[in-house]
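Let's take a walk through this fold together, one piece at a time. Keep the viewer open as you read.

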Amino acid sequence: MIYHIPWIYTPVRSVLAIWHQLTKTEIPELAKCSVLMRERSRVEETIYSMQRAGAGSLHVISDFDMTLTRFAHNGKRVPTTHNILDNRLLINEDCTRKMRELLNTYYPIEIDAGRTVEEKLPRMVEWWTKVHELLIEQRIRKDMLAQAVKESSAMLREGHNVFFDRLAELQVPLLIFSAGVGDVLEEVIRQNDVFHPNVHVISNYMDFDHTGVLRAFKGQLIHTFNKREGALSHAACLTELQGRPNVLLLGDSLGDLTMADGVSKPENILTIGFLNDQVEERKESYINSFDIVLVKDETMDVPNGILRCITSLGRNK
(Lines give C-alpha, C1' and ligand atoms only; values in the text may rest on other atoms or scores of the structure.)
Protein backbone atom coordinates (compact mmCIF):
# COMPACT_ATOMS: atom_id res chain seq x y z
CA MET A 1 0.00 0.00 0.00
CA ILE A 2 1.28 3.43 -0.96
CA TYR A 3 0.52 6.45 1.19
CA HIS A 4 0.55 9.89 -0.34
CA ILE A 5 1.81 12.70 1.89
CA PRO A 6 0.56 15.91 0.22
CA TRP A 7 2.83 18.34 2.02
CA ILE A 8 5.93 16.72 0.53
CA TYR A 9 4.94 18.16 -2.84
CA THR A 10 4.16 21.61 -1.44
CA PRO A 11 6.59 24.33 -2.53
CA VAL A 12 9.20 25.16 0.12
CA ARG A 13 7.98 28.76 0.36
CA SER A 14 4.45 27.58 1.15
CA VAL A 15 5.71 25.13 3.79
CA LEU A 16 7.65 27.94 5.45
CA ALA A 17 4.58 30.16 5.36
CA ILE A 18 2.45 27.44 6.97
CA TRP A 19 5.08 26.81 9.64
CA HIS A 20 5.32 30.55 10.26
CA GLN A 21 1.56 30.77 10.80
CA LEU A 22 1.59 27.76 13.14
CA THR A 23 4.47 28.95 15.32
CA LYS A 24 3.99 32.73 15.49
CA THR A 25 2.56 34.49 18.52
CA GLU A 26 -0.53 36.56 17.84
CA ILE A 27 -0.63 40.26 18.74
CA PRO A 28 -4.30 41.09 19.45
CA GLU A 29 -3.40 44.71 20.21
CA LEU A 30 -2.82 45.32 16.49
CA ALA A 31 -6.57 44.85 15.98
CA LYS A 32 -7.37 47.97 18.02
CA CYS A 33 -9.38 50.60 16.13
CA SER A 34 -6.65 53.15 16.86
CA VAL A 35 -4.09 51.19 14.81
CA LEU A 36 -3.26 52.11 11.21
CA MET A 37 -0.73 50.28 9.03
CA ARG A 38 0.29 50.84 5.44
CA GLU A 39 1.73 47.33 5.02
CA ARG A 40 0.49 44.93 7.68
CA SER A 41 2.32 41.93 6.17
CA ARG A 42 5.64 43.77 6.32
CA VAL A 43 4.99 44.80 9.92
CA GLU A 44 4.23 41.23 10.92
CA GLU A 45 7.27 39.83 9.11
CA THR A 46 9.53 42.40 10.80
CA ILE A 47 8.11 41.55 14.23
CA TYR A 48 8.57 37.82 13.74
CA SER A 49 12.08 38.29 12.40
CA MET A 50 12.88 40.25 15.57
CA GLN A 51 11.17 37.53 17.61
CA ARG A 52 13.37 34.83 16.11
CA ALA A 53 16.47 36.86 16.96
CA GLY A 54 15.36 37.23 20.59
CA ALA A 55 15.59 39.91 23.25
CA GLY A 56 19.39 39.83 23.17
CA SER A 57 19.35 41.41 19.69
CA LEU A 58 16.91 44.19 20.58
CA HIS A 59 17.09 47.74 21.82
CA VAL A 60 14.38 50.40 22.07
CA ILE A 61 14.65 54.06 21.08
CA SER A 62 11.90 56.43 22.15
CA ASP A 63 10.91 60.05 22.31
CA PHE A 64 9.52 61.18 25.67
CA ASP A 65 7.00 64.05 25.63
CA MET A 66 3.69 62.89 24.10
CA THR A 67 5.23 59.50 23.32
CA LEU A 68 6.02 57.89 26.66
CA THR A 69 3.88 60.54 28.34
CA ARG A 70 0.21 61.07 27.56
CA PHE A 71 -0.91 63.79 25.20
CA ALA A 72 -4.14 64.43 27.09
CA HIS A 73 -6.17 63.10 30.01
CA ASN A 74 -9.89 63.71 30.60
CA GLY A 75 -9.90 66.24 27.78
CA LYS A 76 -7.01 68.30 29.18
CA ARG A 77 -3.48 68.49 27.78
CA VAL A 78 -0.82 66.76 29.84
CA PRO A 79 2.24 68.97 30.43
CA THR A 80 5.51 68.38 28.60
CA THR A 81 8.79 68.62 30.49
CA HIS A 82 9.05 72.29 29.53
CA ASN A 83 5.46 72.89 30.66
CA ILE A 84 6.15 71.29 34.05
CA LEU A 85 8.52 74.19 34.70
CA ASP A 86 5.47 76.49 34.50
CA ASN A 87 5.18 76.42 38.28
CA ARG A 88 5.14 79.31 40.72
CA LEU A 89 7.96 77.58 42.59
CA LEU A 90 10.17 78.08 39.55
CA ILE A 91 9.00 80.89 37.27
CA ASN A 92 6.92 84.06 37.55
CA GLU A 93 3.71 85.02 35.75
CA ASP A 94 5.48 87.10 33.11
CA CYS A 95 7.68 84.15 32.14
CA THR A 96 4.60 81.92 31.99
CA ARG A 97 2.86 84.34 29.66
CA LYS A 98 5.88 84.63 27.36
CA MET A 99 6.35 80.84 27.19
CA ARG A 100 2.70 80.36 26.24
CA GLU A 101 2.99 83.00 23.55
CA LEU A 102 5.98 81.13 22.13
CA LEU A 103 4.02 77.87 22.23
CA ASN A 104 1.10 79.43 20.37
CA THR A 105 3.50 80.83 17.77
CA TYR A 106 5.79 77.87 17.13
CA TYR A 107 3.78 74.71 17.88
CA PRO A 108 1.51 75.23 14.83
CA ILE A 109 4.69 75.49 12.74
CA GLU A 110 6.10 72.27 14.24
CA ILE A 111 3.02 70.23 13.27
CA ASP A 112 2.24 72.01 9.99
CA ALA A 113 2.01 69.24 7.37
CA GLY A 114 2.37 71.85 4.63
CA ARG A 115 5.91 72.86 5.61
CA THR A 116 9.11 70.95 4.95
CA VAL A 117 11.55 70.01 7.71
CA GLU A 118 14.04 72.44 6.19
CA GLU A 119 11.51 75.25 6.60
CA LYS A 120 10.79 74.29 10.19
CA LEU A 121 14.39 73.87 11.38
CA PRO A 122 15.33 77.54 11.97
CA ARG A 123 11.99 78.23 13.65
CA MET A 124 12.47 75.32 16.06
CA VAL A 125 15.92 76.62 16.97
CA GLU A 126 14.37 80.04 17.63
CA TRP A 127 11.67 78.51 19.83
CA TRP A 128 13.93 76.35 21.99
CA THR A 129 16.56 79.09 22.32
CA LYS A 130 14.01 81.69 23.46
CA VAL A 131 12.45 79.30 25.98
CA HIS A 132 15.82 78.38 27.45
CA GLU A 133 16.78 82.04 27.74
CA LEU A 134 13.56 82.76 29.62
CA LEU A 135 14.19 79.87 32.00
CA ILE A 136 17.77 80.97 32.67
CA GLU A 137 16.49 84.45 33.57
CA GLN A 138 14.29 82.88 36.25
CA ARG A 139 17.31 81.51 38.16
CA ILE A 140 15.57 78.18 38.70
CA ARG A 141 16.76 76.23 41.72
CA LYS A 142 17.74 72.61 41.27
CA ASP A 143 16.34 71.57 44.64
CA MET A 144 12.83 72.69 43.59
CA LEU A 145 12.53 70.49 40.48
CA ALA A 146 11.29 67.38 42.29
CA GLN A 147 8.50 69.33 43.99
CA ALA A 148 7.48 70.94 40.69
CA VAL A 149 7.16 67.51 39.07
CA LYS A 150 5.21 66.20 42.05
CA GLU A 151 2.74 69.10 41.85
CA SER A 152 2.32 68.79 38.08
CA SER A 153 -0.22 66.67 36.20
CA ALA A 154 2.53 64.86 34.26
CA MET A 155 1.43 61.34 33.33
CA LEU A 156 3.16 58.48 31.59
CA ARG A 157 0.94 56.45 29.26
CA GLU A 158 -1.24 53.70 30.66
CA GLY A 159 0.77 50.49 30.73
CA HIS A 160 4.11 52.31 31.02
CA ASN A 161 5.14 50.20 34.03
CA VAL A 162 4.76 46.98 32.01
CA PHE A 163 6.88 48.50 29.23
CA PHE A 164 9.71 49.80 31.43
CA ASP A 165 9.75 46.77 33.74
CA ARG A 166 9.77 44.23 30.88
CA LEU A 167 12.72 45.93 29.21
CA ALA A 168 14.59 46.06 32.52
CA GLU A 169 13.85 42.42 33.27
CA LEU A 170 15.31 41.34 29.92
CA GLN A 171 18.15 43.89 30.11
CA VAL A 172 17.05 45.48 26.84
CA PRO A 173 18.52 49.01 26.56
CA LEU A 174 16.00 51.87 26.35
CA LEU A 175 17.37 55.08 24.81
CA ILE A 176 15.20 58.12 25.35
CA PHE A 177 15.93 60.97 22.92
CA SER A 178 14.08 64.07 24.08
CA ALA A 179 13.91 67.68 22.97
CA GLY A 180 12.55 68.43 26.43
CA VAL A 181 14.43 69.09 29.67
CA GLY A 182 16.47 66.08 30.77
CA ASP A 183 16.51 66.97 34.47
CA VAL A 184 12.70 67.14 34.54
CA LEU A 185 12.31 64.05 32.35
CA GLU A 186 14.46 61.98 34.71
CA GLU A 187 12.46 63.18 37.69
CA VAL A 188 9.18 62.15 36.06
CA ILE A 189 10.53 58.65 35.42
CA ARG A 190 12.02 58.46 38.90
CA GLN A 191 8.76 59.46 40.59
CA ASN A 192 6.98 56.73 38.62
CA ASP A 193 9.49 54.17 39.94
CA VAL A 194 10.62 53.04 36.47
CA PHE A 195 14.09 54.59 36.21
CA HIS A 196 15.90 51.29 35.76
CA PRO A 197 19.64 50.84 34.97
CA ASN A 198 18.88 50.01 31.32
CA VAL A 199 17.43 53.51 30.71
CA HIS A 200 19.69 56.07 28.99
CA VAL A 201 18.52 59.67 28.41
CA ILE A 202 19.79 62.08 25.75
CA SER A 203 18.19 65.49 26.20
CA ASN A 204 18.68 69.17 27.05
CA TYR A 205 20.21 69.27 30.51
CA MET A 206 20.36 72.25 32.83
CA ASP A 207 23.72 73.53 34.04
CA PHE A 208 23.54 74.74 37.66
CA ASP A 209 26.15 76.83 39.44
CA HIS A 210 27.74 75.89 42.79
CA THR A 211 24.71 77.27 44.66
CA GLY A 212 22.27 75.12 42.67
CA VAL A 213 20.91 77.93 40.48
CA LEU A 214 20.35 77.49 36.72
CA ARG A 215 22.95 79.41 34.74
CA ALA A 216 22.85 77.75 31.29
CA PHE A 217 21.92 74.64 29.33
CA LYS A 218 24.60 72.06 28.58
CA GLY A 219 25.90 70.98 25.18
CA GLN A 220 24.21 71.06 21.82
CA LEU A 221 20.57 72.13 21.65
CA ILE A 222 18.23 69.22 20.90
CA HIS A 223 14.90 70.08 19.27
CA THR A 224 12.25 68.09 17.42
CA PHE A 225 14.02 67.97 14.06
CA ASN A 226 17.72 67.53 14.85
CA LYS A 227 17.66 64.24 16.76
CA ARG A 228 19.69 62.58 14.00
CA GLU A 229 22.81 64.43 15.15
CA GLY A 230 22.23 63.36 18.73
CA ALA A 231 21.65 59.78 17.65
CA LEU A 232 24.87 59.65 15.65
CA SER A 233 27.01 61.16 18.40
CA HIS A 234 25.62 59.24 21.38
CA ALA A 235 24.73 55.79 20.08
CA ALA A 236 28.35 54.96 19.30
CA CYS A 237 29.29 55.66 22.93
CA LEU A 238 26.89 53.10 24.41
CA THR A 239 28.59 49.71 24.48
CA GLU A 240 25.26 48.13 25.54
CA LEU A 241 24.04 48.53 21.96
CA GLN A 242 26.76 46.41 20.41
CA GLY A 243 25.34 43.22 18.97
CA ARG A 244 21.78 44.57 19.10
CA PRO A 245 20.85 45.27 15.46
CA ASN A 246 17.06 45.19 15.97
CA VAL A 247 15.29 48.41 16.94
CA LEU A 248 11.81 49.25 18.17
CA LEU A 249 11.40 53.01 17.66
CA LEU A 250 8.61 55.12 19.23
CA GLY A 251 7.83 58.76 18.48
CA ASP A 252 5.10 61.31 17.96
CA SER A 253 6.80 63.46 15.33
CA LEU A 254 8.19 62.75 11.87
CA GLY A 255 11.46 64.15 13.21
CA ASP A 256 11.66 61.20 15.60
CA LEU A 257 12.23 58.82 12.70
CA THR A 258 15.89 59.90 12.55
CA MET A 259 16.59 58.68 16.10
CA ALA A 260 17.77 55.30 14.78
CA ASP A 261 20.30 56.82 12.38
CA GLY A 262 23.11 56.08 14.82
CA VAL A 263 22.46 52.35 14.86
CA SER A 264 25.41 50.40 13.46
CA LYS A 265 24.43 47.83 10.81
CA PRO A 266 20.71 47.62 11.65
CA GLU A 267 18.85 44.46 10.62
CA ASN A 268 15.25 45.29 11.55
CA ILE A 269 13.77 48.64 12.54
CA LEU A 270 10.07 48.81 13.44
CA THR A 271 8.68 52.32 13.87
CA ILE A 272 5.56 53.26 15.88
CA GLY A 273 4.14 56.77 15.59
CA PHE A 274 1.68 58.30 18.05
CA LEU A 275 -0.63 60.62 16.11
CA ASN A 276 -2.02 62.76 18.91
CA ASP A 277 -3.21 65.96 17.29
CA GLN A 278 -4.55 67.30 13.96
CA VAL A 279 -5.26 63.75 12.88
CA GLU A 280 -6.88 64.33 9.49
CA GLU A 281 -4.27 66.85 8.40
CA ARG A 282 -1.33 64.61 9.32
CA LYS A 283 -2.66 61.07 8.96
CA GLU A 284 -1.43 60.48 5.43
CA SER A 285 2.12 61.63 6.13
CA TYR A 286 2.28 59.49 9.29
CA ILE A 287 0.98 56.37 7.54
CA ASN A 288 3.54 56.88 4.77
CA SER A 289 6.36 57.34 7.29
CA PHE A 290 5.77 55.08 10.31
CA ASP A 291 5.22 51.31 10.10
CA ILE A 292 2.44 51.55 12.70
CA VAL A 293 0.40 54.66 13.50
CA LEU A 294 -1.58 54.94 16.75
CA VAL A 295 -4.38 57.50 16.52
CA LYS A 296 -5.30 59.25 19.78
CA ASP A 297 -4.19 56.20 21.76
CA GLU A 298 -3.11 57.17 25.28
CA THR A 299 -1.85 53.70 26.18
CA MET A 300 1.24 51.56 25.70
CA ASP A 301 -0.93 48.60 24.67
CA VAL A 302 0.48 48.19 21.17
CA PRO A 303 4.18 48.63 22.10
CA ASN A 304 3.64 46.22 25.00
CA GLY A 305 1.96 43.66 22.73
CA ILE A 306 4.78 43.87 20.21
CA LEU A 307 7.42 43.71 22.92
CA ARG A 308 5.71 40.66 24.42
CA CYS A 309 5.80 38.96 21.03
CA ILE A 310 9.41 39.85 20.24
CA THR A 311 10.66 38.63 23.60
CA SER A 312 8.48 35.50 23.85
CA LEU A 313 11.13 33.34 22.16
CA GLY A 314 14.85 33.17 22.64
CA ARG A 315 14.73 35.03 25.96
CA ASN A 316 18.18 33.82 26.84
CA LYS A 317 19.83 34.59 23.53
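What you have on screen is a predicted model, in which local features need pLDDT of at least 70 and side-chain atom pairs count only at pLDDT 80 or more, while totals for chains, interfaces and linings use all residues. Residues are numbered from 1 along each chain as its sequence is written, and side-chain values use heavy atoms, with hydrogens and water left out.

First, the overall picture. The protein has eleven helices and eleven strands; these are DSSP runs numbered from the N terminus, with helices being H or I of at least four residues and strands being E of at least two. Of the 317 residues, 52% count as buried. Take contact to mean heavy atoms within 4.5 Å. Among contacts between residues at least 6 apart in sequence, 73% join residues at least 24 apart.

Seven strands form an open sheet in the order 1-11-10-9-2-5-6, with mixed pairing. Its edges are strand 1 (35-37) and strand 6 (199-204), each of which pairs on one side only. Here two strands pair if DSSP finds at least two bridges between them. Strands of a sheet pair through backbone hydrogen bonds, either parallel or antiparallel. For a parallel case, look at strand 10 (residues 268-275) and strand 11 (residues 292-295), which are joined by four bridges. Within that pair, Phe-274 stands opposite Leu-294 of strand 11.

Helix 2 (residues 40-53) lies across strand 1, strand 2 (58-62), strand 9 (246-251), strand 10 and strand 11, and runs at about 125 degrees to strand 10. For angles like this, axes are lines fitted to C-alpha atoms, for helices over the stretch in contact, and the angles run from 0 to 180 degrees between N-to-C directions.

For an antiparallel pair, go to strand 7 (residues 206-208) and strand 8 (residues 214-217), which are joined by three bridges. Met-206 has Phe-217 in strand 8 as its bridge partner. The hairpin of these two strands has five residues between the strands, and Gly-212 takes a positive phi near 85 degrees there.

Next, two helix pairs. The axes of helix 4 (residues 93-110) and helix 5 (residues 117-137) come within 10 Å and cross at roughly 165 degrees. These two helices are therefore roughly antiparallel to each other; the cut-offs are under 35 degrees for roughly parallel, over 145 for roughly antiparallel, 65 to 115 for roughly perpendicular, and oblique for the rest. Residues making the contact include Leu-102, Leu-103 and Tyr-106 of helix 4 and Trp-127, Trp-128 and Val-131 of helix 5. The contact residues divide into 13 nonpolar, no polar and six charged, where Ala, Val, Leu, Ile, Met, Phe, Trp, Tyr, Cys and Pro count as nonpolar, Asp, Glu, Lys and Arg as charged, and the others, Gly among them, as polar.

The axes of helix 7 (residues 160-169) and helix 11 (residues 301-310) come within 9 Å and cross at roughly 25 degrees. That makes helix 7 roughly parallel to helix 11. The contact is made by Val-162, Phe-163, Arg-166 and Leu-167 of helix 7 and Pro-303, Asn-304, Leu-307 and Arg-308 of helix 11. Eight of the ten residues of helix 11 are buried, so this helix is largely enclosed by the rest of the structure. Val-302, Gly-305 and Ile-306 are among the buried ones.

Where does Val-194 sit? Look in the loop between helix 8 (182-191) and strand 6. Val-194 counts as buried because its relative accessibility is 1%. Leaving out residues up to four places away in sequence, Val-194 touches Leu-156, His-160, Asn-161, Phe-164, Asp-165, Ile-189 and Val-199. Phe-164 is 30 residues from Val-194 in sequence, yet their C-alpha atoms are 6.1 Å apart in space.

Finally, two loop residues. Most residues other than glycine have a negative phi. Asn-74, in the loop between strand 3 (72-73) and strand 4 (76-77), has a positive phi of about 55 degrees although it is not a glycine. With a relative accessible area of 73%, Asn-74 is exposed. Arg-139, in the loop between helix 5 and helix 6 (145-151), has a positive phi of about 50 degrees. Arg-139 is exposed, with a relative accessible area of 54%.

Technical notes. Buried < 20%, exposed > 50% of the residue type's maximum accessible area, 1.4 Å probe, protein only.
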